[in-house]
Amino acid sequence: MENVNFIQMFLNWLATFEPRVLILAASCIGAGLAMIAGIGPGIGQGYAAGKGAEAVGINPKASKQVTMVMLLGAAVAETSGILALVVALILLYGNPLVTASGAGIILAAAAIGAGFSMIAGIGPGIGQGYAAGKSTEAVGRRPKFQSAVVRTMFLGQAVAQTTGIYALIVALVLMFANPLTKLL
Amino acid sequence: MEPITGRALILACSAIGAGLAMIAGIGPGIGQGYAAGKGAEGVGRQPEAQGDIIRTMLLGAAVAETTGIYGLIVALILLFANPLIGLL
Amino acid sequence: MEPITGRALILACSAIGAGLAMIAGIGPGIGQGYAAGKGAEGVGRQPEAQGDIIRTMLLGAAVAETTGIYGLIVALILLFANPLIGLL
Amino acid sequence: MEPITGRALILACSAIGAGLAMIAGIGPGIGQGYAAGKGAEGVGRQPEAQGDIIRTMLLGAAVAETTGIYGLIVALILLFANPLIGLL
Amino acid sequence: MEPITGRALILACSAIGAGLAMIAGIGPGIGQGYAAGKGAEGVGRQPEAQGDIIRTMLLGAAVAETTGIYGLIVALILLFANPLIGLL
Amino acid sequence: MEPITGRALILACSAIGAGLAMIAGIGPGIGQGYAAGKGAEGVGRQPEAQGDIIRTMLLGAAVAETTGIYGLIVALILLFANPLIGLL
Amino acid sequence: MEPITGRALILACSAIGAGLAMIAGIGPGIGQGYAAGKGAEGVGRQPEAQGDIIRTMLLGAAVAETTGIYGLIVALILLFANPLIGLL
Amino acid sequence: MEPITGRALILACSAIGAGLAMIAGIGPGIGQGYAAGKGAEGVGRQPEAQGDIIRTMLLGAAVAETTGIYGLIVALILLFANPLIGLL
Amino acid sequence: MEPITGRALILACSAIGAGLAMIAGIGPGIGQGYAAGKGAEGVGRQPEAQGDIIRTMLLGAAVAETTGIYGLIVALILLFANPLIGLL
Amino acid sequence: MEPITGRALILACSAIGAGLAMIAGIGPGIGQGYAAGKGAEGVGRQPEAQGDIIRTMLLGAAVAETTGIYGLIVALILLFANPLIGLL
Ligand code: NA
Ligand code: NA
Ligand code: NA
Ligand code: NA
Ligand code: NA
Ligand code: NA
Ligand code: NA
Ligand code: NA
Ligand code: NA
Ligand code: NA
């Protein structure tokens, strides 16, 4: 009794659960964390929507073109939201951690770590949406340069995606190929 | 005395996960509000294009809503149809 | 002496989940405030289009409110119609 | 010696949930401040439209306040009319 | 030897809840600062409208303060008139 | 051997609460910096209105400071006049 | 063998509280950087007003620094003059 | 019941630390997206300067990537070359 | 076999506190980057004022760095000159 | 059953601290991206000033990088030269 401090008591309490329980409980939190990435596309696409509305007002003749560029750019900006949703759905419906071998506490922490990692998707979502909005504006002003503008937009959006991809990779490593369990 | 079961721990963490998932709603709120502001500005400047402006604003806002819906869906799954309980 | 039960743990975490879900309200607050600002600016510049501007602002703001409402609904479910307790 | 009961845990987490819910107030604060800035700018440019500008600003700001109020309501429910205790 | 009671846990979590509630203050700080900037800009451009600009800025800033005050009130309730203790 | 008492837990959580409350300071920092930028811009454009611009900037910045002060006050209460200890 | 005492818990949480308080520094960093940018822009456009622009920028930046200093002070109090220990 | 060892705790916290480090990726995502938008705008305005614009955009974006890479490196170290285990 | 002592807990929490304190660095990073952008813009428009622009940009950026330095100092104190250990 | 040692706890928390410290990287990422965008815009408008623009952009971006580097250094210290272990 004397050597037992509250940290040890908490860890002992955690250890009273089956490893499977810890993993499943942590997966609930990880799934919630991953969805926070959705902040990004929401802001970014909303910016594109505003720029689209503005551009259509300024140049109603180009309204079809403007709308198309807005939707194209916004589609790219959706990526991080979809990736986060996929990670959350994997945790909920195809949880690889449950069948993985290794200490329950590490696998449970991996689910939470994967959720944290996906939050990075906020960045690409906002950034790509901004690019979509600016491209929409530019095409509304000078529709004939659409291809050059859209090409630049895609190039810039691809560059802006990278940190979201890094985060996805770290999340997938944590979920499917956790190197930490082998260190135990 | 009934101790905390594994099932209870998972359900407790589901409540927290559901709350976290809703935080995604910050994004569509900011983005669609920006669109609303630009739409209002545009309608004031080009009242004749009001239809096009509002249609574009709403279309863009619909696109911006999706991640908020994703968060809601994940929260509702955690609350009403938690598939992880079945894995216990 | 009544120890902490699984039921109590779920309810405790539901209180935290409800609080987290409300954080979504940051978004509509920022977005609708932007719309308010653009609306006020527009009305100052084109007073004759005041009706159109305000109508567009309010329409857009209504769209921007949704994710805040989602957060509120999830919080109220956690507080008043907690489905997790039934799953225990 | 009275140990920590489930009831106490729920009330403790309600204090944290109430604090979290208030964070929603960031949104209206930013948004309404933006509206205030745009209103002040507009009044400086079109003093003759002052009434319209301020009315639009306040209307939009009222809309932007809602999610902050939602957060406050959820916090007050957790503090003064905690429904979770009854579910124990 | 006096162990940690439920009462102590609630009071401890109330300290954290009070701290969290103050975070709402980020919003009014940003928003009112924006209004200050726009007010200063406006006064520089239309010194003759200084009174109107400052009055509108202050009116809008007062509106933007509310959610910061809500946060403060919830924190003060948690610290000085904690209703959760009575529910134990 | 002196174990952790309820009093110690409250004081420990007060340290965290005090830290959290200071986070409110993000808001005034951003807002007043915006005002500073707009003030500097305005003074460059209308040097003759320098007095009015700076006065308006400082007035607005004072308003924007309040929620940062609220956070500081709550932190200082938690650190130097902790009312929660008395409730134990 | 020395167990974890209440004093140790308070000191440990003070380390976390000190770290949290520093997060306030995000605000002045963003705000003063904005002022720096506007100052640089202004000096480029009106080099003859350089003195006034820089003076206004620095005055505004000093105002924007305060909440960062508050955070630092609270952190230093927690680290070097911890009043919570005395309350134990 | 499988006990949690110190080694397991370090590895578990390394998984969480790796996840936290990746959050840095928010920054480059926003920043490079801004650059992409400005680049696309510039190409629309001065198509003849397309080469220069895109080259500058990519150069600046490369610089903006670094802190995201730092986060990735720290995460990979925690996952694949964990130095903390060796210190146990 | 040495269990967790109070000293160890303080040092462990100091590691977390040091990490938290570094988050302040978000602010100067954004702010100085804004100044860099405005500086680059200004130099492109008024190459003849390059010296003044860059000097103002660097002066303002130095001011914006301070809270990042405060965070670093608090982190280094926690890591290398931890005063909390002495208070145990 | 081998209990957790203080050393293990410090190392575990160091992993989390290292992850938190990297979050600072959000700032330089946003800021330098802004500078990249302004640089690209400037080069499109004044191709003849390309050298000056890019040099200023890179100089400003270097300044904006520092707090990201501070975060990296603190993380690397926690991982590879952990001074806290020596204090145990
Ligand atoms: Na990238
Ligand atoms: Na979307
Ligand atoms: Na919505
Ligand atoms: Na609202
Ligand atoms: Na308000
Ligand atoms: Na205020
Ligand atoms: Na200040
Ligand atoms: Na960088
Ligand atoms: Na500073
Ligand atoms: Na820097």
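Reader: Which residues of chain A does the UniProt annotation "transmembrane region" cover?

Author: The unreviewed UniProt entry puts it at residues 20-48, 69-93, 105-127 and 148-177 of chain A. UniProt positions follow the numbering used here, feature names are shortened, and annotations may be inferred rather than shown by experiment. This is a predicted model, where local features need pLDDT of at least 70, side-chain atom pairs count only at pLDDT 80 or more, and totals for chains, interfaces and linings use all residues. Residues are numbered from 1 along each chain as its sequence is written, chains are lettered from A and ligands numbered from 1 in the order in which they are written, and side-chain values use heavy atoms, with hydrogens and water left out.

Reader: How much helix is there over residues 69-93 of chain A?

Author: That span is 100% helix and 0% strand, with its end C-alpha atoms 35 Å apart. Helices (H or I, at least four residues) and strands (E, at least two) are DSSP runs, numbered from the N terminus.

Reader: And residues 105-127 of chain A?

Author: There the chain is 87% helix and 0% strand. The end C-alpha atoms are 36 Å apart.

Reader: Where does UniProt place the domain feature in chain A?

Author: The unreviewed entry gives "domain: V-ATPase proteolipid subunit C-like" at residues 29-91 and 112-174 of chain A. Residues 29-91 are 89% helix and 0% strand, and their end C-alpha atoms lie 10 Å apart. For residues 112-174 the figures are 89% helix, 0% strand and 9 Å between the end C-alpha atoms.

Reader: What about that feature in chain B?

Author: UniProt, again from an unreviewed entry, has it at residues 16-78 of chain B. That span is 89% helix and 0% strand, with 10 Å between its end C-alpha atoms.

Reader: Switching to metals. What coordinates the sodium ion, ligand 1?

Author: A:Val159 (O), A:Thr162 (OG1), H:Gln32 (OE1) and H:Glu65 (OE), at 2.1 to 2.4 Å. Donors are N, O and S atoms within 2.8 Å of the metal (3.2 Å for Na, K and Ca). Water is not among the atoms, so sites may look incomplete.

Reader: How far apart are A:Val159 and A:Thr162 in helix H7?

Author: They are three residues apart in helix H7 of chain A, so about one helical turn separates them.

Reader: Which residues hold ligand 4?

Author: That sodium ion is coordinated by C:Gln32 (OE1), C:Glu65 (OE), D:Val63 (O) and D:Thr66 (OG1), at 2.1 to 2.4 Å. C:Glu65 sits in helix H3 (residues 50-80) of chain C and D:Val63 in helix H3 (residues 50-80) of chain D, so this pair joins two chains. C:Glu65 is buried at 10% relative accessibility. D:Val63 is partly exposed at 22%.

Reader: And what coordinates ligand 10?

Author: I:Gln32 (OE1), I:Glu65 (OE), J:Val63 (O) and J:Thr66 (OG1) coordinate this sodium ion, at 2.1 to 2.4 Å. I:Gln32 is in helix H2 (residues 26-45) and I:Glu65 in helix H3 (residues 50-80) of chain I, so the pair ties together parts 33 residues apart in sequence. Both I:Gln32 and I:Glu65 are buried.

Reader: New topic. How many aromatic pairs are there over all chains?

Author: The structure holds 13. In one of them, the rings of A:Tyr130 and H:Tyr34 have centres 4.8 Å apart and planes at 25 degrees, so they are stacked. A:Tyr130 lies in helix H6 (residues 122-141) of chain A and H:Tyr34 in helix H2 (residues 26-45) of chain H, so the pair joins two chains. Rings of Phe, Tyr and Trp (its six-membered ring) pair if their centres lie within 6.5 Å; planes under 30 degrees apart count as stacked, over 60 as edge-to-face and the rest as tilted.

Reader: Is H:Tyr34 buried or exposed?

Author: H:Tyr34 is buried, at 14% relative accessibility. A:Tyr130 is buried too, at 15%. Ring pairs link both into a cluster whose members include A:Tyr47, B:Tyr34 and J:Tyr34.

Reader: How many cavities of 30 Å³ or more turn up?

Author: A search of the whole structure finds 11. On a 1 Å grid over the protein atoms alone, a cavity is a set of points where a 1.4 Å probe fits but cannot get out, and lining residues have an atom within 4 Å of a point. Grid points are joined across faces, edges and corners, and a volume is the space filled by probe spheres set on the points.

Reader: What lines the largest cavity?

Author: Its lining includes A:Ala37, A:Ser80, A:Met118 and A:Gln161. Helix H4 (63-93) and helix H7 (146-176) of chain A each give two or more residues. By class, the lining has five nonpolar, four polar and no charged residues. Ala, Val, Leu, Ile, Met, Phe, Trp, Tyr, Cys and Pro count as nonpolar, Asp, Glu, Lys and Arg as charged, and the others, Gly among them, as polar.

Technical notes. Buried means under 20% relative accessible area, exposed over 50%, partly exposed in between (1.4 Å probe, protein chains only). On a 1 Å grid over the protein atoms alone, a cavity is a set of points where a 1.4 Å probe fits but cannot get out, and a pocket is an open set with protein on both sides within 12 Å along at least five of seven lines; lining residues have an atom within 4 Å of a point.
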